[in-house]
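Take a look at the view below, then read on.

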Amino acid sequence: MKLHQQRTCIGCRTVTSKNELLRWVLTQGNPLSVVSLDMQGSAFGRGTWTHGTQKCVRQAVQRKAFARTFRSAVDDSQVVQAFAAYEDQLATRQQSGKHDESGSEI
């Protein structure tokens, strides 16, 4: 039996399989660092995790969880924009009927 690695969503603080969460990474910027989604799960650097829901991302932003996790000042509006772009991408895929590698609909 293969065990999945567990991670904690910084929005709702629920521990779950990392396969069910989105990974966010920090890219150094000036003066604020930029937080972006790591869709491949392989970007270099420290990562943090949220569920793929507006509720969890909003809670993480409100609680300043990204800045605390990364120990750096971050642009929270960039987090909101990145998540909105992610949701738009999902909606486009669902409308076009694209499938992921496993053959199931995204």
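## Terms and model

Two strands count as paired if DSSP finds at least two bridges between them. Strands themselves are DSSP runs (E, at least two residues), numbered from the N terminus.

This is a predicted model, where local features need pLDDT of at least 70, side-chain atom pairs count only at pLDDT 80 or more, and totals for chains, interfaces and linings use all residues. Residues are numbered from 1 along each chain as its sequence is written, and side-chain values use heavy atoms, with hydrogens and water left out.

## The three-stranded sheet

Strands E4, E3 and E5 make up an open sheet, in the order E4-E3-E5, with antiparallel pairing. Because E4 (34-37) and E5 (47-50) are the edge strands, each with a single partner strand, one side of each has no neighbour in the sheet. On average, neighbouring strands are turned by 35° against each other, direction ignored (the axes are lines fitted to C-alpha atoms).

## Where E3 meets E4

E3 (residues 22-27) and E4 run antiparallel and are joined by four bridges. Among them, Trp24 is partnered with Leu37 of E4, and Val25 with Ser36 of E4.

Which residues of E4 lie on its covered face? They are Val35 and Leu37, while Val34 and Ser36 form the uncovered face.

## A look at Ser17

Ser17 belongs to strand E2 (residues 15-17). Its relative accessible area is 9%, so Ser17 is buried (under 20%, with a 1.4 Å probe and protein chains only).

Beyond its neighbours within four places in sequence, Ser17 is in contact (heavy atoms within 4.5 Å) with His4, Gln5 and Gln6.

Notes
Axes are lines fitted to C-alpha atoms, for helices over the stretch in contact, and angles run from 0 to 180 degrees between N-to-C directions. Buried means under 20% relative accessible area, exposed over 50%, partly exposed in between (1.4 Å probe, protein chains only).
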